Amino acid sequence: MTALIGYRLAELGHSQRYLPPVLLHIGLIAVLYSDNTGPALPGFAVTAAALLVVSGWLTIALVDVEDVVQRTITRAHASSAQRVLVGTVLTVLCCAAGLSALTVAWSQVSSGFAYSAADLGTGLLGNLVCAAFGIAIALPCSGLVVRRIGYTAIAAAALFAVVLLVEQLPLAHPVVFALSAGTVPPALLVQSTLTALVALVASTLGVSAWVVRRS
């Protein structure tokens, strides 16, 4: 699996499709922390919401980086379509972890190292939770299921908005709202983490079953 993740990272890097979402995220961080004198958690609410979209964007970009022939070759070398899909998910999670770590480090440096380890850990986990939701949403909207890029963009944008804004859904909204309020109960953080993992596993299994049925 490590070799597959490295291969998928190389594909994403050579395609340069990562540049728009990654540069936008870095630009957001630079603007957000240009005058960092406030508390830590509200800033992490902004970056977590942004990382949900960025992770979904990276997922769609990586899934669609190969044409049909190259995708078939990759599946043959990986032994199964499921392994390729799991490798894709883990690859995007690695990218999201890097962006989350960058966000936390940038916020701490710009604040003059004023933030506590607890706030930094909460912000890091909150960002990763939202990244997992972004990947889970993007997989069924990607080219593996939706064949037209326009439909992919519309479906993904609508689902991102629903997950982030609808209070009744216990997905990304509760943790983002808690971060923005400056207080994240440990129970909520644990619940959101477990929910994100379940959503990511369910999305991966569902799309895998769809790919196997279609192939």
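## Cysteines and helices in a predicted model

Cys-94 is partly exposed, with a relative accessible area of 42%. Here buried means under 20% relative accessible area, exposed over 50%, and partly exposed in between (1.4 Å probe, protein chains only). This is a predicted model: local features need pLDDT of at least 70, side-chain atom pairs count only at pLDDT 80 or more, and totals for chains, interfaces and linings use all residues. Residues are numbered from 1 along each chain as its sequence is written, and side-chain values use heavy atoms, leaving out hydrogens and water.

A disulfide is a covalent bond between the sulfur atoms of two cysteines. The rule asks for a pair of cysteine sulfur atoms within 2.5 Å. By this rule the count is 0 disulfides. The table gives two cysteines whose closest sulfur is too far for a bond.

| Cysteine | Closest cysteine sulfur | Distance |
|---|---|---|
| Cys-94 | Cys-95 | 6.9 Å |
| Cys-141 | Cys-130 | 17 Å |

Cys-141 is buried, with a relative accessible area of 4%. Across the protein, buried residues make up 44% of the 215 residues.

The protein has 9 helices and 0 strands. Both are DSSP runs, numbered from the N terminus: helices are H or I, at least four residues, and strands are E, at least two.

Helix 7 (residues 149-165) and helix 8 (residues 172-181) pack at an angle of about 55°. Their axes, lines fitted to C-alpha atoms over the stretch in contact, lie 6 Å apart. Val-163, Leu-164 and Leu-165 of helix 7 meet Ala-172, His-173 and Val-176 of helix 8. Contact means heavy atoms within 4.5 Å.

Note on methods: Axes fitted to C-alpha atoms, helices over the stretch in contact; angles between N-to-C directions.
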